[in-house]
Amino acid sequence: MGAEVEVVATVPPPRKKRTSTTLLHLLQLDNPDGVFVFAAAAAAAGNKLPPPEPEPEAESLIDKIASCCRVFTFADDDDAAERDAKLERLEEVLAAVRSSGKNQPPGLDHLVMVALVKMLAANLFRTMPPPACCPSVLAEAADEEAPSASLLPSWPHLQAVYDVLLAVIAAADAKALRNHVDRPFLTSLLALFASEDPRERDRLKTAYHQLYAKLTPERAFMRRSMSAALLASVHECGGGVAELLEICGSIINGFAVPLKEEHRGFLLRVLLPLHRARWLHAYHRQLVYCVLQFVHKEPGLAGAVVEGILRRWPVTNCQKEVLLIDELEEIVDALDQRQFDALAAPICSRIARCATSCSSQVAERALYVWNNERFLEMASAGGAIGRILPPFVASVEDNLERHWSKCVQQVTASVKALLLQVAPDLYDRCAADLAASRDEADARAAARDARWRRLEAAADANGLSGS
């Protein structure tokens, strides 16, 4: 038998215990006594953790902001020294807010933001007086000039407060603004557009627009709020419509194509009804810009826009007629030939009626449409000249025969010469048709008068025979 081989099993040495790096182990190293109080356990036990203490600089700034919450009436000069002191503190707060925006990372402390929002609300939000121009007064006024601006005596303080607001918007990030600027704050800010001081409305426009740019989740709410304010201005005279429309113009400029149904509804249900207001002249330039933005982005809306303007055409307001003629001309400039051919008949029919207006301003403005090279080019090139010329020929001939203004007659003669160059044969046919229709109308009037005379004679004869 062979020799047996003894197999010896080798036992590995014991592994060195790894040092624990858990949170509990670290706490045991810091506190050998083993007494720990976790935040969750403390909260469950009802022991609330104390709020974080602000930095010494932040605490001093908060005290300074709180001292600016007092609002002065500027009714007398007894508190002039205190007013000057508040203005100095506001300038110091403004410098501190602007410097915080330059820090790395930029931003404002939470407690500072709370104090700033409270101070802004105390100084800005107030009850607005009723507007100086009410619809009844405008309806009875002979002229349509806008009322004179009312300047606030407290503007030095308000200007500094608005500067602080703009600095806060620029320094704070979007998350901080969302946490501190809520919907009631935005609603109260929107109500300030009723201020009669144009300086305040201009600062407010800038602030509200910057808030719209940063508060992305609140954009729909802000658009709805502005729509409600604009619709209210149709029946209630007040300031701020022009500034709100400037904000809307910037917003519309950023709309993506194709437009959403909400955006089309804003055009049809908010912007077009604004043409009905008697004080349209106060914001017409901004309104036209908004409307043209929609037409440029989606030319198919031009038909609805023209229909909405013509449906709200004034009857006795000459100034509004001149403004609407300007707007129709700008819409025509934005159309191509096919779209112009589709809308030429209603547009030119209205302008032709305005050309015979008793107001020389309206008549001249309507006739000057033919000086627009774009309008003349599309009217001559397209197939709509047959629908455009008849109403204009009637207006031209009527002005030359009956209009009281010599200036209107001179402009009408120039337009007639232009139309004879563009379409001489068609103008002659239209003039002949107009003369024939007038002869027929005169014949019908003569026959009607003859019938009345016969009836009167028969009535007199019956009366004499009965007596």
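Helices H5 and H7 each supply at least two residues of the lining of the largest cavity. Helices here are DSSP runs (H or I, at least four residues), numbered from the N terminus. This is a predicted model, in which local features need pLDDT of at least 70, side-chain atom pairs count only at pLDDT 80 or more, and totals for linings use all residues. Residues are numbered from 1 along each chain, and side-chain values leave out hydrogens and water.

The structure holds one cavity of 30 Å³ or more. A cavity is a set of points on a 1 Å grid where a 1.4 Å probe fits but cannot get out, and lining residues have an atom within 4 Å of a point. The largest cavity contains about 50 Å³ of space, the volume filled by probe spheres set on the points. Its lining includes Met113, Leu120, Leu165, Val168 and Phe185. By class, that lining has ten nonpolar, no polar and no charged residues.

Now the helix pair. The axes of H5 (residues 110-124) and H7 (residues 155-171) come within 10 Å and cross at roughly 145°. Axes are lines fitted to C-alpha atoms over the stretch in contact, with angles from 0 to 180 degrees between N-to-C directions. Among the residues that meet are Met113 and Leu120 in H5, and Leu165 and Val168 in H7. Contact means heavy atoms within 4.5 Å.

A second pair lies further along. H11 (residues 219-235) and H13 (residues 261-271) have axes that come within 11 Å and cross at roughly 10°. They are therefore roughly parallel to each other, a term for angles under 35 degrees.

Definitions and conventions. 1 Å grid on protein atoms, 1.4 Å probe; cavity = no way out; pocket = protein on both sides within 12 Å on 5 of 7 lines; lining within 4 Å. Nonpolar A, V, L, I, M, F, W, Y, C, P; charged D, E, K, R; others polar. Parallel < 35°, antiparallel > 145°, perpendicular 65-115°, else oblique.
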